[in-house]
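Here is a short report on one protein model.

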Amino acid sequence: MTEIRYAANANGRASQTELTPGSAGSILALGRPSSAVPTPPLPVPLLPARACRCSIVYYAVRAQNSCVLVAVMAPPKSPVWKYIVRNTSKEGYCKVCGKNVLLSGNTSNAWTHLAQHGVSQKNALDETSLQKRKHTQPSAAGASATSNASDSVSEASASSSAGTHAPSRRRRVINSDDEQAEECFEENATADTAAPASGARDLQLPRLSDVGAAAGGKRPRRSGSRSFSGGQQMTIDGSLQRASSFKAGGEMDATLRDALLFMEMRQNLPLSFSDGEGFRHFASKAVPLWSPPSRRTMTRAMEDKYEVLSVFVKDIMEELSTVCLTADCWTEKHTTQSYLGVTVHFPVKTEMRAACIGLMKLDQSHTGQYLSGKLLEFCGDWHIDTLKVEAVTVDNAENIKLAVKTAFGESKLVNCFAHTLNLIPRAALGMKSDNTTPNVPGVPDLIKKVKAIVTLSHTSNNFADEIRRVQVEHFDKNPNLTLRLINDVVTRWGSTYMMLKRFLEMQRVLLLATSKFPAVVMLNAAELASLKAIMGVLEPIHDATTEMSTETSTSISKVIPLVALLSKAVHNVAVDPTDAMAKRFKQFILDETVRRFGNCEHNARQAASTIVDPRFMEVYFQSPLAVSKARKYLEAEIVKEIIMDSSEPEHSHTNATQGNANVGSGAGAVSAGAPAPSRLWSSHAQLAASRVSANSDDINGRAVTELRSYLQRNIVPVTENPLQIWEALKSTYPHLYRVARRLLNVMAGSVPSERFFSTAGEIMDDNSTRLTPKHFQQRIFLKSVELCDWEKARLLKDSV
């Protein structure tokens, strides 16, 4: 136990001094321990005190110029001390006979002496237990200590200060198992209590928890007792085993290394991060028993983790019934190495899942034939059946489109909706193919003037400072929250729109800022009006692009509704009839939208996907002929599902009846333990399906009925999850359900591939240029793994 003394120094501030702990049952007053209670040299009124769960009662004693925190240690709990009073560690005083008793550090001699007076250990224990049952108030030990201490201090005060009245006190000893239980001994001093001597200061006493913290340790507790949290104290063997688990190859070492690898992969940290001085210093403080692994160790851990997780993903790919791929080519800027990136999308119950699992090095010319071979190689490496590939979504590059047609067939090709959509504003704001004639006269020159001002704000410090000064002085902007102009990037969707939007937001600031720079030509009122009208036309396109880019898995079922809504929004934009430039710009956007998306309703897969989406169905179709073609497409797909169901009963019946002695009779009987059919019977299912197709006249009628019944349903809100809706309709439309899950899995754009390459660019930074293509691909894959799958792989590896 450690006591803290608070003394007022010359500055009036409190200083702390550690005092020596005293023996059991003694009082420490003004830092002087004694076996007998000392008499303080000055009047020592009792201040509020505290008690803790260890039956140690704390008193605060105020002297002339100091304040001391005094502790009274309760006597041991043995009943022998009810009869024996300890004078020293080797001698005690018997209350029965008044003689001194020799003690040897235990209670044996004391019990022997008490036996002469008829007091046995058993009787004393029984009496103590009876008293504890009768009295539920504080423990006898704590109360005795409190009473003795208060009486001693009161006598000391009375003997050294005449004419003062003893303050009335309400004392309570706390004996609680709650770690946070702390209650004060409150003092109600009378009005005529003498004030402390001149120069004395009333210092605020600390909380008991603060006293323990200042002493450099936790609250005292008996060795071997239950911890504050309720758990048993760890044994020596357990402590040694836990310490050894932090060594190389131990359980904790493997856990920490796996968590460190996940952090490096997810946060795009270099593998040498664990070698850094800062991290090693942090690890030495956080986990002193653990030695962080080196870069080479982390590289081997990454390779091992990739092997485990890749096998896990390959097993999933084999079990999928349908997948959709997105593919694109990308060149890394540091090493100018080209890669083919592929993402896989598939439905899992009511969610769309995506995996960035393909990043293949390209070392030849990017021809369609070469890329098609790489796509097939990718499917083989990841155990993806090409027959299960429902579609491949790519951008408008001719080589990648040819690669998809060669590898999977033309029917599997899907053009990226987002790429095609952003070609419309690019054409409206730019020039024709000859680069001399604008598509919309006047618009390129207007954009050029805006871009000149934006570029100057990024290259001229004086102009940038003036823009900030105007915002602070004239518009009361926070200096740390001032706006700056945004420059556009040719390859970034919507960047020109964002540049024009910020320019119009800051037009008043720019009018004041450009007045001090005669070389800067600011837009006039007519040009600003035209720019606002152009922004109104571009806004729906930007909204559509944002929606397509923010969703991780946007189905092609949204293409037809978005095109219809986009055309309607652009048509409703109000344009000043006198503004010829804005009128021509609006008409060009409408014409270009029709030219690029006018036939989207006649795409059978795209139209069928919109119909099976419970949020849209046939609402956004403009052509009845397109609706009829989409219905026929769906009816044909439903017929295929019905035929497949009709060809499966025999096989499923055989599997279900294996193990029975005799099921049925005649030719259809199946005996127990019948051998599996040989490869000669592989075409039997197809022949049986063709027989069902030829002899069942009601299959087409069943398909039409199922589709018509579905189309009579009400449309669900656009915020609903279509896969979740279909799970509820699974039993009602079983065949259309399987068709819908295949079609809703088709991606509308190659945005996941673009996002994939953005992540790759963050990994391959200036600190990671030595990454090999193999390790680069592994890092890309591991970054896309969710934490739950990561932990499953760790547990799987540990079990093996």
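In which sense do β12 and β13 pair, and over how many bridges? The two strands pair in the antiparallel sense, over ten bridges. The model is predicted.

## The five-strand sheet

β12 and β13 belong to an open sheet of five strands, in the order β13-β12-β11-β14-β15. The pairing is mixed. β13 (351–362) and β15 (413–415) are the edge strands, and each pairs on one side only. From one strand to the next, the twist averages 25°.

Strands of a sheet pair through backbone hydrogen bonds, in either a parallel or an antiparallel sense.

β11 spans residues 323–331. Seven of its nine residues are buried, so the strand is largely enclosed by the rest of the structure. The cut-off for buried is under 20% relative accessible area.

Which strand pairs with β11 in the parallel sense? That is β14 (residues 389–394), over four bridges. Here L325 has V392 of β14 as its bridge partner.

With β12 (residues 338–348), β11 pairs in the antiparallel sense over eight bridges. D328 is bridged to G341 in β12. The two strands form a hairpin with six residues between them. In the turn, T336 has a positive phi of about 55°.

## Helix α27 across the sheet

Helix α27 covers residues 773–783. It lies across β11, β12 and β13. Relative to β13, α27 runs at about 170°.

## Helix α19

Is α19 (residues 604–611) mostly covered or mostly open? Mostly covered: seven of its eight residues are buried. These are R605, Q606, A607, A608, S609, T610 and I611.

N603 sits at the start of the helix. A side-chain oxygen of N603 reaches to within 3.3 Å of the backbone nitrogen of R605.

## Nonpolar cores

The largest nonpolar core has 91 residues. Which residues have the most contacts inside it? They are F503, F585, W726 and L736. Helix α16 (residues 525–550) gives the most to this core, with ten residues.

L736 is in contact with V612, I638, E706, L707, Y710 and W726, leaving aside its neighbours within four places in sequence. A second, separate core has 49 residues, including M302, L320, Y370 and L375.

Definitions and conventions
Residues numbered from 1 in each chain as written. Predicted model: local features only at pLDDT ≥ 70, side-chain atom pairs only at ≥ 80, totals over all residues. Heavy atoms only, no water. Buried < 20%, exposed > 50% of the residue type's maximum accessible area, 1.4 Å probe, protein only. Pairing = 2+ DSSP bridges. Polar contact = N/O pair within 3.5 Å; in protein donor to acceptor, adjacent residues only side chain to side chain. Axes fitted to C-alpha atoms, helices over the stretch in contact; angles between N-to-C directions. Contact = heavy atoms within 4.5 Å. Core = buried A, V, L, I, M, F, W, Y, C linked by side-chain atoms within 4.5 Å.
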